[in-house]
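Work through the following exercises with the model open beside the text. Each one sets a task and then takes the solution step by step.

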Amino acid sequence: MDRTADIQRLREDIRQWADELGFDELGIARPALAEDEAHLLRWLRDGRHGTMRWMGRHGVKRARPERLVPGTVRIISVRMDYRPPDLEADDAILADGRRAFIARYALGRDYHKLMRKRLQRLAHRIEAAVGKFGYRVFVDSGPVLEKALGRNAGLGWIGKNTLLLNRHAGSYFFLGELFTDLPLPEDEPVEDLCGSCRACIDICPTGAITGPRQLDARRCISYLTIEHEGNIPEDLRPAIGNRVFGCDDCQAVCPWNRYAQPTDEADFHPRHGLESASLVTLFRWDEATFLKRTEGSAIRRLGHERWLRNLAVALGNGPADPEVLEALRERLEHPSEMVREHVDWALNRLSRPSAAATARPSSG
């Protein structure tokens, strides 16, 4: 594999194999992330990662792939579109205080296992062509700066909302990586096309995007409803609206998502009616039902306790229907102190005449 023609041919073969495996795009880059490392260290120093202590646990390995996997000289980055076709508009669900909004990526099966298996199959195809080589697969499964690597590999640019944007596919896609010791030809980064647009900054319900490419996770609804393990700060609860798992506002408003491609991957299509489910129905799931309905889903790692926490906040932000009040009262004696606290907050909020009349999920 030391001849230029052979290595060029291998790169094109890898692209073809990736396409056959269902990946929507593939790019290749060197593991060079010095500027991203500096940005990461400032972000950690400022405490913007909140309670995600694991973000700093691996030191600079996150920005130095060759330390994480010795021998790495190239990163193969892939992406897969995930937004299901024919979904009701996000705004319609966010405006309905009786329904739950779940981030579009979590409506179907968890993507980690699916993408990991396919990247492993891609590695096996490469191995069959070149013999044994060094590699390791990552799908949000290790200390990897996947968006920066995807940017370097030409899959898009990092937008002002800190997500990777692609001019032909928007941002509704998953990323995965294959670290390798093969000196493959690199792809060129693409132009940053955000321009003067600040729609994502202006739409954020909690002001978590504090400036272009500046995210304070402590205020981010995705962090608060997914990563955060404790009580949700009271001052941020009203802005959460009916978002019970994640938030897509900064994606939905992005002009480049006019070009987002709907996925034909069946595993990413909605299950159990989660794309427009009733808040009360979800709140009344017992733990066994929660575990059954979220089997194979990214939602399951939340656990039943935090699921109820999030739903209590959403119910408190909606209309004071008799069914809502009854469902909340049923959880007043829940064994979890955290659940009880959020239920109390919701009932108190709905008991105020002005709040009950005006409470509506925020859509920014």
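**Exercise 1. List the residues that line the second largest pocket, and sort them by class.**

Solution. The lining consists of R109, D110, K113, L114, K117, D267 and G296. A pocket here is an open set of points on a 1 Å grid over the protein atoms alone, where a 1.4 Å probe fits and protein lies on both sides within 12 Å along at least five of seven lines, and a lining residue has an atom within 4 Å of a point. The model is a predicted one, in which local features need pLDDT of at least 70 and side-chain atom pairs count only at pLDDT 80 or more, whereas totals for chains, interfaces and linings use all residues. Residues are numbered from 1 along each chain as its sequence is written, and side-chain values use heavy atoms, with hydrogens and water left out.

Next, sort by class: the lining has one nonpolar, one polar and five charged residues, where Ala, Val, Leu, Ile, Met, Phe, Trp, Tyr, Cys and Pro count as nonpolar, Asp, Glu, Lys and Arg as charged, and the others, Gly among them, as polar. The volume of this pocket is about 180 Å³, a volume being the space filled by probe spheres set on the points, which are joined across faces, edges and corners.

**Exercise 2. Decide whether helices α13 and α15 run roughly parallel or roughly antiparallel.**

Solution. Start with the axes, which are lines fitted to C-alpha atoms over the stretch in contact, with angles from 0 to 180 degrees between N-to-C directions. Those of α13 (residues 303-316) and α15 (residues 337-351) come within 8 Å and cross at roughly 5°. The two helices are therefore roughly parallel, since angles under 35 degrees count as roughly parallel, over 145 as roughly antiparallel, 65 to 115 as roughly perpendicular and the rest as oblique.

Then look at the contact, meaning heavy atoms within 4.5 Å: residues of α13, including L308 and A312, meet residues of α15, including V339 and W345. By class, ten nonpolar, two polar and four charged residues take part in the contact of α13 with α15.

**Exercise 3. Which residues does Q214 contact, leaving aside its neighbours within four places in sequence?**

Solution. Q214 is placed in strand β9 (residues 214-215), and at 33% relative accessibility it counts as partly exposed. Its contacts, with those neighbours set aside, are H39, R48, K160, T162, A208 and I209.

Terms used:
Helix = DSSP H or I, 4+ residues; strand = E, 2+ residues; numbered from the N terminus. Buried < 20%, exposed > 50% of the residue type's maximum accessible area, 1.4 Å probe, protein only.
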